[in-house]
Amino acid sequence: SFRMGEDMAAFHSLPDQAAPLRRRSILVMRAVFLIAALLPAPTTALRAEELLNDTQTLRRPVAMVASRGRLLLACRETGTIAVVDPDELIVTAEHQVTDRLDDLAVLQGVSADDDRLIAVSINEPRLLVLKLAQDGVSVVDALPVARYPVSVAISRDQSIVAVASKWSRRLTLFRTGGQVGRAGTSQLEKAAVIDLPFAPLKQCFLNSQFLLVADAHGGGVAVIDVEAGRLRSQRTLIGHNIRGMTLSRDGSQVVLTHQILTSASSTTQSIISWGGVISNTLHTIAVKELLRSTSAEQPESIHGSLFPLGMERQAGGDPGDVVIDSDGRTFVALSGVSEVAARKAQSLELQRASTGRHPTALWLDESHRRLFVLCSFDDAVSVFDADSLKPIHTIELGRHTPQRTRVQAGEELFYDANLSLDGWYSCHSCHSDGHTTGLLNDNFSDGSFNTPKKILTLLGTDDTAPWAWNGGQGFLRYQVQASIRSTMAGPGQHIGKLSSDKLDSLVRYVRSLPPAPSILFARDELSLHSVETERGEQVFKDQGCRDCHTPPTYSSRDSYDVGLADEAGVRKFNPPSLRGVSQRAPYFHNNSVDRLIDVLRDHAGSDALNNDDQQSLVRFLESL
């Protein structure tokens, strides 16, 4: 269309004697353009040589699934599906689906013609049902789901498709139509929409009836009864950033990877060096314990067997995907340090090997002799001998590495645990995907010891100066630099000196992060509560809340006494922005209040407000 516009302009500039030719040509162009606009958009299938010569686009593959002798990679930035031949170790095609992909799964049929791919993008509140053919991908169906979908899970009997939506905190369940394995399994019927107590990410079917869903930021897990379409129970484990989840081979245990933050530990070099601030772990929990009947309203703590992923001077920051072979060997992607680790059943030893940058997904071939590792920041798949962890080959999605923008380079640094001492944790370890784990951390950003405070979200932080709980830092660049030097005791040996360009890229990435959406917007409930939110906004004005939380950022540069003191007796704190506040419970610097309504009743000086005004004010805050 851009070229057509240039040609149209050229014809308009022809001399008058060429007017008949100009008119005819313009009519032809308009007709062609109209016909093209009315035709369905074609799918794009790049030939292998075109794919390998493509140097313009950074793909960022984030999911990898196997289907009938092929590996299918979901590429986040391009919205494409790359097809890999795992025997020939080459990319055979790449198909355009949408502008972004966040997860991919396969709904298996009797034959390849019956198979359907199930895909989601956090940008689109719909589930895409796709058919993959030799010459491209066609959209069979697009079904509405809750906003911000991030992951897909399919039950082993192929009867249930579950879509987890992050910011709306919802799970959408679909039932497959017709007899499983027959043509028509792509017909999905919505079965239930379930509200969750946290923002979800990872999912794993424990059996045909129960689904385990994990918190994207903290340590919450929930068991869903998919037959009844309801939340059955919720538990809390000691940990956060649950990024790997799978079943043991016999189905009796679920294996998780996550991190553990010790809130009372100060971020000194000696404590960081042995994992005393943040450790990385492989966590095994009995399925029967998860299925034990508990209250769906009040979460209970749950414990299992922990295995450390790293040691002094060789940490395993930000563990990711996990797979288990038929012999009980466990393979873990150590995403933050760009390694893969293997542990034999019951062994106390951990074998490790370097991979491409930021490994996020793992797959074992049918023989369990080769391990495929998806390396998101290299647009590549590293292939290893599963027994020895010796590298076999690297499958590149492009012949050359595309030029990265400063923001993209900053994203890579944000998730790089090598920025910290010995690779224990990255920026993401505390600020999950730029948000917050919701936990307390005793770092030195406020200039004090033994005063742990809640980790602040970085979403929308660009325009909320000054930074830190005491509002003591007026420049984001210096705040980021200080965090690396003190909170992370870095940069680590694999990074070396943090150059000005790298620091600039990291700051630009942080500045690019938008605020978290409100829960009412994410759930499409703004219009449902419009009367309450309007009334609540007026209460917000009348009560003088705007003095400290000034629109449009709903923050301010000063510090205020809200009746709470830290361990050092400090009572004045800089108010965090209220944008996305509904996604940040619990509240205050010490996590002392669980609900917004309790913030108003106990600390906001709102004794004069009746219950209706308080509820309206809560609805207004939930709309920000």
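Two strands pair if DSSP finds at least two bridges between them. With that idea in hand, welcome to this predicted model, in which the protein has 13 helices and 36 strands. Five of those strands form an open sheet in the order S14-S15-S16-S17-S21, with mixed pairing. Of the protein's 624 residues, 57% count as buried. Take contacts between residues at least 6 apart in sequence: 52% of them join residues at least 24 apart.

**Open sheets**

- In the sheet S14-S15-S16-S17-S21, the edges are strand S14 (200–205) and strand S21 (300–301), and each of these pairs on one side only.
- S14 is joined by four bridges to strand S15 (residues 210–215), and the two run antiparallel.
- To find your way along this pair, look for proline 200, which stands opposite aspartate 215 in S15.
- Another open sheet has four strands, in the order S6-S7-S8-S9, and its pairing is antiparallel.
- Strand S6 (103–107) and strand S9 (136–144) stand at the edges of this sheet with a single partner strand each, so one side of each has no neighbour in the sheet.
- On average, and ignoring direction, neighbouring strands of this sheet are turned by 25° against each other.
- Inside this sheet, strand S7 (residues 116–121) and strand S8 (residues 124–133) pair in the antiparallel sense over four bridges.
- Isoleucine 118 stands opposite valine 129 in S8.
- A handy reminder: strands of a sheet pair through backbone hydrogen bonds, either parallel or antiparallel.

- Strand S2 (residues 61–67) has five buried residues out of seven, so the rest of the structure largely encloses it.
- S2 is linked to strand S3 (residues 70–75) by six bridges, and the two run antiparallel.
- Across this pair, valine 65 stands opposite leucine 72 in S3.
- Two residues lie between S2 and S3 in their hairpin, and arginine 68 in the turn has a positive phi of about 50°.
- Strand S18 (residues 240–247) is mostly covered, with eight of its eight residues buried.
- Five bridges connect S18 with strand S19 (residues 253–261), again running antiparallel.
- Here glycine 244 stands opposite threonine 257 in S19.
- The hairpin of S18 and S19 has five residues between the strands, and glycine 251 in the turn has a positive phi of about 75°.

**Helices that pack against H13**

- Helix H12 (residues 596–603) and helix H13 (residues 611–623) have axes that come within 9 Å and cross at roughly 130°.
- That angle makes H12 oblique to H13.
- The crossing of H12 past H13 is right-handed.
- On the H12 side, Leu596, Ile597, Leu600 and Arg601 meet a set of H13 residues that includes Asn611, Gln614, Leu617 and Leu621.
- Sorted by class, this contact has six nonpolar, three polar and two charged residues.
- Leu596, Ile597, Asp598, Val599 and Leu600 of H12 are buried, and H13 is included in what covers the buried residues of H12.
- Helix H11 (residues 530–542) also packs with H13, at an angle of about 100° and with the axes 7 Å apart.
- That makes H11 roughly perpendicular to H13.
- Among the residues in this contact are Glu532, Arg535 and Phe540 of H11, along with Asp612, Arg619 and Phe620 of H13.
- The contact of H11 with H13 divides into five nonpolar, five polar and six charged residues.

- For background, most residues other than glycine have a negative phi, and most peptide bonds are trans.
- Alanine 465 and proline 466 are joined by a cis peptide bond, with omega about 0°; proline 466 lies in the loop between strand S34 (453–454) and helix H8 (476–487).
- From proline 551 to proline 552 the peptide bond is cis too, with omega near 5°; proline 552 is in the loop between H11 and strand S35 (560–561).
- Alanine 489 is not a glycine, yet its phi is positive, near 50°.
- You will find alanine 489 in the loop between H8 and helix H9 (500–511); its relative accessibility is 16%, so it counts as buried.
- Phenylalanine 588 is also not a glycine and has a positive phi of about 75°.
- Phenylalanine 588 lies in the loop between strand S36 (572–573) and H12; at 18% relative accessibility, phenylalanine 588 counts as buried.

Technical notes:
Residues numbered from 1 in each chain as written. Predicted model: local features only at pLDDT ≥ 70, side-chain atom pairs only at ≥ 80, totals over all residues. Heavy atoms only, no water. Axes fitted to C-alpha atoms, helices over the stretch in contact; angles between N-to-C directions. Parallel < 35°, antiparallel > 145°, perpendicular 65-115°, else oblique. Left-handed = near helix turned anticlockwise from the far one by under 90°. Contact = heavy atoms within 4.5 Å. Nonpolar A, V, L, I, M, F, W, Y, C, P; charged D, E, K, R; others polar. Buried < 20%, exposed > 50% of the residue type's maximum accessible area, 1.4 Å probe, protein only.
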